[in-house]
Amino acid sequence: MNALFFWLFSGGMIVCALAVILNRNAVASALCFTFSIVFMAGLFVMLSAFFLAAVQILVTAGAVMVLFLFIIMLLDLTAMEHVPRQKIWMGFTLLLALGFLLIVAKVLAATPLGFMTENSLPASYTTELEPTKAPVAKSAAQGVTQAQWDELDDTHRIGRLLFATDTSDGKTSYVAPFEITSLLILVATIGVIVLCKQDDRPRPSKREIITREAPPIEPEKETALKH
Amino acid sequence: MEITLNHYLAVAAVLFAIGLMGVVMRRNLLIIYMSLEMMLQAANLTFVAFSRFNGYLDGQVFVFFVITVAAAEVAVGLALIVALYRLKRTTTTQDLTTLKF
């Protein structure tokens with residue numbers, strides 16, 4: 001059953017990804033990419049990363065792809081759909097990708113850890129593979145005992161890990177990176193506003209354009225429009 | 001058939017390769033940008049797969065950060081593309097040769 005869903009999600013994801021780069025129409029590409037993201041969220045669910053699956057759909061498939069679609073529709077890209085393809089260049093690109101995949105296949109075949117299945121996992125999700133590292137200490141750093149930690153769901157665990165403040169036993173804390181991320185988003189927001197700001201040259205206001213191009217509206221009509 | 005860690009890594013590698021192909025092959029800036037996003041997503045998938053099979057949750061926290069940074073990056077990148085379009089009236093890489101030697 002698991003295998004069936006794995007092949008369904010990964011197959012759908014790869015077909016959609018191929019459609020993204022092969023489609024001439026940018027809007028169709030964006031939609032295919034959204035579907036690819038949704039399939040990847042399915043893979044995240046299979047890897048029991050439920051929180052990330054939700055975030056993936058909300059942020060990437062929701063916010064980011066809406067932004068992409070906005071920009072695609074804002075810019076006029078219809079002229080680009082008729083640019084002829086360069087067959088030789090496409091062949092070179094395919095060779096590049098196949099070379100990359102060959103290297104990855106070699107590495108995967110040489111890694112014994114990669115043949116681990118879900119059944120060979122340790123009983124507890126967060127228990128270390130090596131028993132030398134005490135798993136209790138790991139969860140104790142998060143302010144809960146091991147038994148409580150096992151009971152917690154995915155979102156709670158990530159939250160505990162993200163905001164853990166007790167780093168006395170060498171545990172990494174993600175509080176500082178989290179705060180820095182907020183700074184990054186602030187900088188990005190300001191940067192976007194600066195980049196998209198129109199230059200300071202005086203431009204005709206909307207009102208002026210209307211009055212210049214359209215015949216002036218009679219005063220009584222104008223007051224009627226205002227109300 | 002049992003699904004192993006290698007299956008997930010192979011799928012992520014294929015997705016990364018498709019993204020790479022898109023970046024090198026396409027001439028539309030927006031599609032190139034989408035392919036870049038796709039490569040980031042492939043990296044995310046490997047993070048989550050390793051996190052699951054190694055029993056550490058830290059990988060998932062990393063993916064959380066990657067998604068956040070990617071969202072900010074998309075906003076800035078698209079603003080750059082819009083600014084470029086205002087200046088040049090095109091988003092084809094062939095027409096953007098100002099820096100060409």
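## Helices, faces and surface in a predicted model

Reader: This model is predicted. At the start of H7(A), which backbone nitrogen does a side-chain oxygen of Asp153(A) reach?
Author: The place is the start of H7(A). There a side-chain oxygen of Asp153(A) comes to within 3.3 Å of a backbone nitrogen. That nitrogen belongs to Thr155(A).

Reader: Within what arc do the buried residues of H7(A) fall?
Author: Helix H7 of chain A covers residues 154-162, and its buried residues are Asp154(A), Arg157(A), Ile158(A), Leu161(A) and Leu162(A). Viewed down the helix axis, these buried residues line one face of H7(A), because they fall within an arc of 130°.

Reader: Is Gly159(A) buried, partly exposed or exposed?
Author: Gly159(A) also sits in helix H7 of chain A. Buried requires under 20% relative accessible area, and exposed requires over 50%. Gly159(A) has 24% relative accessibility, so the class is partly exposed.

Reader: What distance separates the C-alpha atoms of Gly159(A) and Tyr174(A)?
Author: Gly159(A) and Tyr174(A) are 15 residues apart along the chain. Their C-alpha atoms are separated by 10.0 Å.

Reader: What share of the residues in chain A is buried?
Author: Chain A has 227 residues. Buried here means under 20% relative accessible area. The buried share is 32%.

Reader: How much of the accessible surface of chain A belongs to carbon and sulfur atoms?
Author: The accessible surface of chain A is about 14,200 Å². Carbon and sulfur atoms hold 71%.

Reader: What accessible area do the residues of the nonpolar patch with Leu183(A) have together?
Author: Leu183(A) lies in helix H8 (residues 175-196) of chain A. With 51% relative accessibility, Leu183(A) counts as exposed. Leu183(A), Leu186(A), Val187(A), Ile190(A) and Val194(A) form the patch. Together they have about 480 Å².

Reader: In chain B, how far apart in space are Arg89(B) and Asn28(B), C-alpha to C-alpha?
Author: Arg89(B) is in the segment after helix H3 (58-88) of chain B. Its relative accessible area is 59%, so Arg89(B) is exposed. Arg89(B) and Asn28(B) are 61 residues apart in sequence. In space, C-alpha to C-alpha, they are 13 Å apart.

Conventions:
Residues numbered from 1 in each chain as written. Chains lettered and ligands numbered in written order. Predicted model: local features only at pLDDT ≥ 70, side-chain atom pairs only at ≥ 80, totals over all residues. Heavy atoms only, no water. Buried < 20%, exposed > 50% of the residue type's maximum accessible area, 1.4 Å probe, protein only. Helix = DSSP H or I, 4+ residues; strand = E, 2+ residues; numbered from the N terminus. Arc of directions from axis to C-beta. Polar contact = N/O pair within 3.5 Å; in protein donor to acceptor, adjacent residues only side chain to side chain. Areas by Shrake-Rupley, 256 points an atom, 1.4 Å probe, with all protein chains shown as cover. Patch = residues over 30% accessible without salt bridge, like charges linked within 9 Å, V, L, I, M, F, W, Y side chains within 5 Å. Salt bridge = Lys/Arg side-chain N within 4 Å of Asp/Glu carboxyl O.
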